[in-house]
Amino acid sequence: MTVDQDVLPEDERTQQQVSTAAMVGYAAAAVGVFGWFLFGLLVQRQGFVDSVGESAGAAFALLLAVSVIGTLRRNGE
């Protein structure tokens, strides 16, 4: 069994670096999701499992939004 794929030479491979603004956004999102977890756990007193589930749902929604925005930006080039 063989797999046909194109292999680029080392000098033709490009790596895109993550901008500082994106890293700040990722950090803010992580702090926001953790804050949402603590808010549900400590303020609303909804229990550990419910707080984890709610913050995980928020994190997955953020990941979906980042994925869709990245796809739209990449196809727009």
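The second largest pocket of this predicted model is lined by Gly25, Tyr26, Ala29, Val33, Ala59, Leu62, Leu63 and Val66, where a pocket is an open set of points on a 1 Å grid over the protein atoms alone at which a 1.4 Å probe fits, with protein on both sides within 12 Å along at least five of seven lines, and where lining residues have an atom within 4 Å of a point. Two or more residues of this lining are given by helix H1 (20-43) and by helix H2 (48-75), helices being DSSP runs of H or I with at least four residues, numbered from the N terminus. The space in the second largest pocket amounts to about 170 Å³, a volume being the space filled by probe spheres set on the grid points. Seven residues of the lining are nonpolar, one is polar and none is charged, in a scheme that counts Gly among the polar residues and Ala, Val, Leu and Tyr among the nonpolar ones.

The unreviewed UniProt entry annotates residues 21-43 and 55-72 as "transmembrane region", an annotation that may be inferred rather than shown by experiment. In the model, residues 21-43 are 100% helix and 0% strand, with end C-alpha atoms 31 Å apart, while residues 55-72 are likewise 100% helix and 0% strand, with their end C-alpha atoms separated by 26 Å.

Serine 55, in helix H2, is buried at 8% relative accessibility, buried meaning under 20% relative accessible area, exposed over 50% and partly exposed in between, with a 1.4 Å probe and protein chains only. Apart from neighbours within four places in sequence, serine 55 is in contact (heavy atoms within 4.5 Å) with Val33, Trp36 and Phe37; of these, Val33 also belongs to the pocket lining. Serine 51, also placed in helix H2, is buried at a relative accessible area of 1%, and its contacts, with the same exclusion of sequence neighbours, are Phe37, Gly40, Leu41 and Gln46. A polar atom of the serine 51 side chain lies 3.1 Å from the backbone nitrogen of leucine 41.

Arginine 45, in the loop between H1 and H2, is exposed, with a relative accessible area of 70%, and its phi is near 50°, a positive value in a residue other than glycine.

Residues are numbered from 1 along each chain as its sequence is written, and side-chain values use heavy atoms, with hydrogens and water left out. Local features need pLDDT of at least 70 and side-chain atom pairs count only at pLDDT 80 or more, whereas totals for chains, interfaces and linings use all residues.

Key. A polar contact is a pair of N or O atoms within 3.5 Å; within protein, one must be able to donate a hydrogen and the other to accept it, and residues adjacent in sequence count only if both atoms are side-chain atoms.
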